[in-house]
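My notes follow in the order in which I checked things.

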Amino acid sequence: MNNPYFDFLMWVRGPGFNIALVILVAGLLLRVIEILLLGRKRDFAKPKGNPVGQGIRTIFTRSVARKGMVREAPVTYVAGYVFHLGFFIAFLFLGAHIALVKSLIGLSWPDFNKALVESAAALAVIAAIALGYTRATDPVRRALTKFDDWLVLTLSVLPLVTGYIAVNRVFGVDATLWMAIHILTAEALMVAFPFTKLMHAVTFALARYYNGSIQGRKGAES
Amino acid sequence: MTATLERGLSALREQIDAPVASFFTSCVSCGLCAEACLFYKETGDPKYTPIHKLEPMRRMWENEFTLIGRVKSMLGLGKPVDDALLTEWETLVYDSCTLCGRCTLICPVGNDIALMVRKLREGMSASGHGPVELNAAAVRHTEGTSPMGNLSKALEARVKQAEALTGLDIALDKEGVDYLLLLSSHEIAAGPEMIEAVAKIMDKAGKSWTISTEGFEATNVGIQLGNRDVAANLVSRIVNAAEKLKVKTVISPECGHAFQAVRWEGPNLIGREYKFEVRHIIEVLDQFRAEGLLKVNGEKDHAKITFHDPCQVARRGGVIQEPRNLLNLVADNFVETDNAGAMNWCCSGGGGVGANQRANEIQEKAFGRKKKQIQAVGPDKIVTMCSFCHTTLEDQLEINNMDDIEVASLTEMMAEYLAE
């Protein structure tokens, strides 16, 4: 009954989570406003295509790899897709996560069964290891990699691993302690989000929109 | 800090806007842009990764346009953008990027990398890091009428030759006509063929046209060098000529970067909309075809023909279907290359690379991509719609002992098959 980790769990679920949420939301707003305030000059060239329409379309269509490209960098593409899909399934379709979102903003949706969510999480972890491997060994990626890249990869994987351990009590660990650790790793991800490349999860939409609208004005593909 | 460096940094600072900030914020250094780049693919050297070519600009953005970067800079932890860095990056920015924009189309987060290289060149050239040949061409064109110097006399001679060859009158500086034809200095230097072709096509289409002696050169070294002042001056000569002659449409010739300069960057360089339209010559010819104004004689070229899409006209200009509509009228053995259209491989000479001697060696290597693409088809003839691609292909094919392959201009080819 008297679990020594109970207070720790209560802290991460309460004040800890609130602090992380405030940093995430405020930081995100700040970073996005910092970008948008830069603005862009009006384009006087008479459009041939539809800049706005194509910009919006490109936010979605750029998710699909161009023909022939997967063959050029199979690990990055395949592991990239698997990681993102796995992460989002684990994040958005676990019953406990949906309950949390409901308590925060009142929205909810049907959950996936536990086996599916856990398989997705496991695949995402394997994919992240593959991404880390090409980052360490491939000359192009190694040359581009900074501390930030490793930090982001690690922070994204930790909640998946700790969540799995906590839910399944792997190696007979203490569920309370590991649930607290799991929540803490998620909070670390939230706190780091606005200040690292995790920002791409939001700004990709802006980047794709601009790319699509620039090409779209010219009636060119994007 | 020297005055020159300061000028360069301020020119670069001006280029950083919301798109650039969202591009750098979104980059997860996945390295996929390398797979789209002819320079990386042919050398395997990671320094040619497109996003890496932007390091000086990325640093400025981080130091001055992000919260964390500003804090870091205040604590003296930011890596500065200095002359040493810009010197180191000179060859990456000018010699090993043709602004072809394949990377722009494959970046998963949607970064327009080619646009950013174009922008970075503004800072590079203002800080004295532009290649000598491009600087010299900018001076020649600013002082004369073309990057090759003063071509006014040559133009008049070519027009006379074309008149003799066609038996048609070609009026210079004629007011109120339908079309104002621009030319690239390459076309003027090469011979009267392009003027001859346009004269024949316009005559059959029943359209009036002219060439202005005050603004005939379409190429714009300011775009390749990255110097807005030079670029704006050169564009305004064309704008003034077109508005003075009250033409409805200005025809951008078979030249890739000229199309970008006149059609897409021009209005922004002069800060207002044009009072006329600008269309690439192939867009005009395809419109003639659709309206029944361009009739061919029904004969076909039986050679095995393939088409080379110039980056700035096709991928970055949206003119992809038009040349195919035309080519199919006059060729019966037209074979597409792999990657044809929006993802075509660059000829290796664009973006100022072909004019920059220091880049000769790396350019020859990078042409390997194009070479493989051509070899897979094994054509008798390559047709294109950019005179610089045209020249580059001829030169590089010769270096590779492949000059049994003919290179041809689509406009000139259409004129050959006109119905009598």
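**Helix H9 of chain A**

I keep in mind that the model is predicted.

I then listed which residues of H9(A) are buried: Thr176(A), Leu177(A), Ala180(A), His182(A), Ile183(A), Thr185(A), Glu187(A), Leu189(A), Met190(A) and Ala192(A). The helix covers residues 175–192, which is 18 residues. From its first C-alpha to its last I get 26 Å, close to the 26 Å expected at 1.5 Å a residue.

**Chain A as a whole**

How many helices and strands does chain A have? I count 10 helices and 0 strands. The C-alpha atoms fill a box of roughly 70 × 35 × 35 Å along the principal axes.

Of the 222 residues in chain A, 41% are buried. I also looked at contacts with a separation of 6 or more, and residues 24 or more positions apart account for 71% of them.

**Where chain A meets chain B**

I picked H1(A), residues 6–36, and H2(B), residues 18–26. Their axes are 7 Å apart, and the packing angle is about 140°. H1(A) and H2(B) are therefore oblique to each other; roughly antiparallel would need an angle over 145 degrees.

On the H1(A) side I noted Arg31(A), Ile35(A) and Leu36(A), which meet Ala18(B), Ala21(B), Ser22(B) and Thr25(B) of H2(B). Sorted by class, this contact has 4 nonpolar, 2 polar and 1 charged residues.

**A helix pair inside chain B**

Next I compared the directions of H1(B), residues 3–15, and H4(B), residues 55–65. The angle is about 80° and the axes are 10 Å apart. The two helices are therefore roughly perpendicular to each other, a term that covers 65 to 115 degrees.

Leu9(B), Leu12(B), Arg13(B) and Gln15(B) of H1(B) meet Pro56(B), Met57(B), Met60(B), Glu64(B) and Phe65(B) of H4(B). By class I have 6 nonpolar, 1 polar and 2 charged residues in this contact.

**The nonpolar cores**

Which residues have the most contacts inside the largest nonpolar core? They are Ile51(B), Leu54(B), Met57(B) and Met116(B), in a core of 59 residues. Helix H6 of chain B, residues 83–94, gives the largest share of this core, with 6 residues.

I followed Met116(B) further. Leaving out residues up to four places away in sequence, Met116(B) touches Val20(B), Phe23(B), Phe24(B), Ile51(B), Leu54(B) and Met57(B). There is also a second, separate core of 49 residues, which includes Ile170(B), Tyr179(B), Tyr417(B) and Leu418(B). As a general note, in soluble globular proteins nonpolar side chains tend to be buried together.

**Two positive phi values**

Last, I looked up two loop residues in chain B. Ser29(B) sits between H2 and H3 (38–43) of chain B, and its phi is near 45°, a positive value in a residue other than glycine. Is Ser29(B) buried or exposed? Its relative accessibility is 3%, so Ser29(B) counts as buried.

Asn339(B) lies in the loop between H17 (321–330) and H18 (360–377) of chain B. Its phi is also positive, about 70°, although Asn339(B) is not a glycine. With a relative accessible area of 28%, Asn339(B) is partly exposed.

Notes:
Residues are numbered from 1 along each chain as its sequence is written. Chains are lettered from A and ligands numbered from 1 in the order in which they are written. Side-chain values use heavy atoms; hydrogens and water are left out. A nonpolar core is a set of buried Ala, Val, Leu, Ile, Met, Phe, Trp, Tyr and Cys residues joined through side-chain atoms within 4.5 Å. Buried means under 20% relative accessible area, exposed over 50%, partly exposed in between (1.4 Å probe, protein chains only). Helices (H or I, at least four residues) and strands (E, at least two) are DSSP runs, numbered from the N terminus. Contact means heavy atoms within 4.5 Å. Axes are lines fitted to C-alpha atoms, for helices over the stretch in contact, and angles run from 0 to 180 degrees between N-to-C directions. Angles under 35 degrees count as roughly parallel, over 145 as roughly antiparallel, 65 to 115 as roughly perpendicular and the rest as oblique. Ala, Val, Leu, Ile, Met, Phe, Trp, Tyr, Cys and Pro count as nonpolar, Asp, Glu, Lys and Arg as charged, and the others, Gly among them, as polar. The expected span of a helix is 1.5 Å times one less than its number of residues.
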